[in-house]
Amino acid sequence: MRFLLLKQFIIFLSILTSLLGFIYFYSASRLITGFSLGGSVVYVIWLLVGLLVLLVPITYGFSRLSRKEKTQTFFAYLSFTNFGFFTILFTLVLGMDIFRLLDFGFVSAYSESLFQFLVSLGFPLDGVTEVKGFSLAFTTLGLAIGLSSLGVYNAHIRIKTKIVNVEVDGLHDDLQGFTIVQISDIHIGPTIKAKFLKRVVSRINAIHPGLVAITGDLVDGPAPVLKKYLSPLQDLKTNLGTYYVTGNHEYYSGVLSWIPEIQNLGINVLLNQNKILEVGNAKLLIAGVTDLSAGKMLPSHQTNPKRAMEGGELCDYKIVLAHQPNSIYETSKYGFDLQLSGHTHGGQYFPGNILIYFAQKFVAGLHQYKNTKIYVSRGTGYWGPPLRLGAPAEITVLKLMKKQ
């Protein structure tokens with residue numbers, strides 16, 4: 001298993017570095033041209049861009065090996081923030097190039113007006129040879145900086161409490177208004193620590209939920225380094241407990257060492273298993289399946305919704321936790337009423353929140369698939385770049401309601 005994970009990790013870093021190289025160098029070259037830069041400053045820019053490209057895979061590998069927390073956190077923020085900034089910049093640069101090609105008159109007028117405005121403010125623009133190129137480059141860079149700053153703020157400060165009413169035909173009277181709080185994709189790791197998780201736990205406890213569901217990707221790194229940051233989870237207050245299923249990142253992070261650590265916090269880990277809970281006279285099934293990709297990395301953890309249902313077929317309402325939304329195609333065959341998932345992050349930030357729809361049918365929110373409802377959380381934390389744009393972080397409050 002370790003050799004397979006190492007091989008996958010090396011392939012991942014190789015693909016990531018190649019992709020970043022293209023994104024960074026294309027963006028930088030277009031801005032250099034737009035700003036009419038030349039001479040030694042260009043060589044300095046290319047050197048910095050090359051270092052920034054290499055910084056991301058180096059930091060990602062370093063985060064898996066180093067135990068020096070402050071150093072790790074510093075480089076993680078530096079590299080992943082520049083990763084996010086350049087992906088936003090790349091998208092805007094492409095837009096800039098398209099505008100130049102499609103110029104209907106508006107772009108030329110805007111460019112001239114902006115250029116003259118900057119001159120009036122005293123900008124030394126005598127060396128600019130192409131007004132339109134400079135103005136578009138200036139606007140693009142400014143937008144990228146602004147959007148990146150907003151994205152950082154959204155990821156760390158603006159966690160939305162989202163209330164979702166799940167309407168159910170023939171819901172048992174004792175389950176009316178029953179509350180499930182879902183959190184997902186927290187990714188405790190290089191840039192998300194106990195302080196962030198403590199805020200999340202405090203928000204959950206104020207809701208007084210019936211139960212809490214954690215739908216995978218709770219951690220993103222080795223247990224010996226990160227386990228201390230999960231301690232706030234032991235302060236969760238619920239009526240019927242906290243339930244957790246594995247996500248793909250747990251398998252990248254050594255899932256067998258993580259499971260006992262999570263259980264020690266008083267959390268029920270559901271590995272193709274279930275619990276039957278009594279809510280008044282109603283029986284509520286809470287089941288969980290392992291991540292959809294788990295069997296490729298750990299055969300004993302092959303996802304198995306059939307086994308997860310066993311013994312709970314006659315319950316009044318049946319919920320299954322499954323990290324990846326695509327598990328719905330199997331879980332729906334076994335009579336589950338509701339699947340709770342995460343994984344997509346809702347695309348996390350622009351342009352990912354648009355491109356994600358090419359990879360996932362169920363990206364965010366409540367949907368119906370055959371006889372099973374599925375709710376997909378946009379996630380509570382983030383992965384990689386500490387940014388969120390157009391895909392707000394959420395703590396989800398799901399309320400079971402009789403269908404009117």
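Helices are taken here as DSSP runs of at least four residues, numbered from the N terminus. In this predicted model, helix α1 spans residues 2-34, and Ser27 has its place in that helix. Ser27 is buried, because its relative accessible area is 0%, under the limit of 20%. Apart from neighbours within four places in sequence, the residues in contact with Ser27 are Phe86, Leu89, Phe90 and Val93.

The next helix considered is α2, which covers residues 40-65 and includes Leu48. With a relative accessible area of 49%, Leu48 is partly exposed. Leu48 belongs to a nonpolar patch on the surface, formed together with Val44, Leu47 and Leu51. The accessible area of these residues together is about 390 Å².

Five of its five residues are buried, so β2 is largely enclosed by the rest of the structure. In a regular strand, side chains alternate between the two faces of the sheet. In β2, Thr179, Val181 and Ile183 point one way, while Ile180 and Gln182 point the other way. Residues on either side of the strand are buried.

The pairing of β2 involves β12 and β3. Four bridges connect β2 with β12, and these two strands run antiparallel. In this pairing, Val397 of β12 stands opposite Val181. Four bridges also join β2 to strand β3, which comprises residues 211-215, and here the strands run parallel. Leu211 in β3 stands opposite Ile180. Between β2 and β3 the chain passes through helix α6 (residues 194-205), giving a β-α-β crossover that is right-handed.

Salt bridges were examined next. Side chains of opposite charge can pair when their charged atoms come close. Seven salt bridges are found in a search of the whole structure. One of them joins the side chains of Asp173 and Lys402, with an N to O distance of 2.1 Å. Asp173 counts as exposed, with 55% relative accessibility, and Lys402 is partly exposed at 30%.

A salt bridge is also formed by the side chains of Glu278 and Lys283, at 3.4 Å from N to O. Glu278 counts as exposed because its relative accessibility is 56%, over the limit of 50%. Lys283 is partly exposed, with a relative accessible area of 38%.

Glu330 and Lys333 form a further salt bridge, in which the closest N and O atoms are 3.0 Å apart. Glu330 is partly exposed, having a relative accessible area of 36%. Lys333 counts as exposed at 55% relative accessibility. The C-alpha atom of Lys333 is separated by 9.1 Å from that of Lys370, a residue 37 places away along the chain. Lys370 has its place in the loop between β10 (365-369) and β11 (372-376). With a relative accessibility of 64%, Lys370 counts as exposed.

Methods:
Residues are numbered from 1 along each chain as its sequence is written. This is a predicted model: local features need pLDDT of at least 70, side-chain atom pairs count only at pLDDT 80 or more; totals for chains, interfaces and linings use all residues. Side-chain values use heavy atoms; hydrogens and water are left out. Patches are made of residues with over 30% relative accessible area and no salt bridge: like charges are joined within 9 Å, nonpolar side chains (Val, Leu, Ile, Met, Phe, Trp, Tyr) within 5 Å. Accessible areas come from the Shrake-Rupley method with a 1.4 Å probe; for residues, only the protein chains shown count as cover. A salt bridge is a side-chain nitrogen of Lys or Arg within 4 Å of a carboxyl oxygen of Asp or Glu. Buried means under 20% relative accessible area, exposed over 50%, partly exposed in between (1.4 Å probe, protein chains only). Contact means heavy atoms within 4.5 Å. Two strands pair if DSSP finds at least two bridges between them. A crossover is right-handed if, with the strands pointing away from the viewer, the path from the first strand over the helix to the second runs clockwise.
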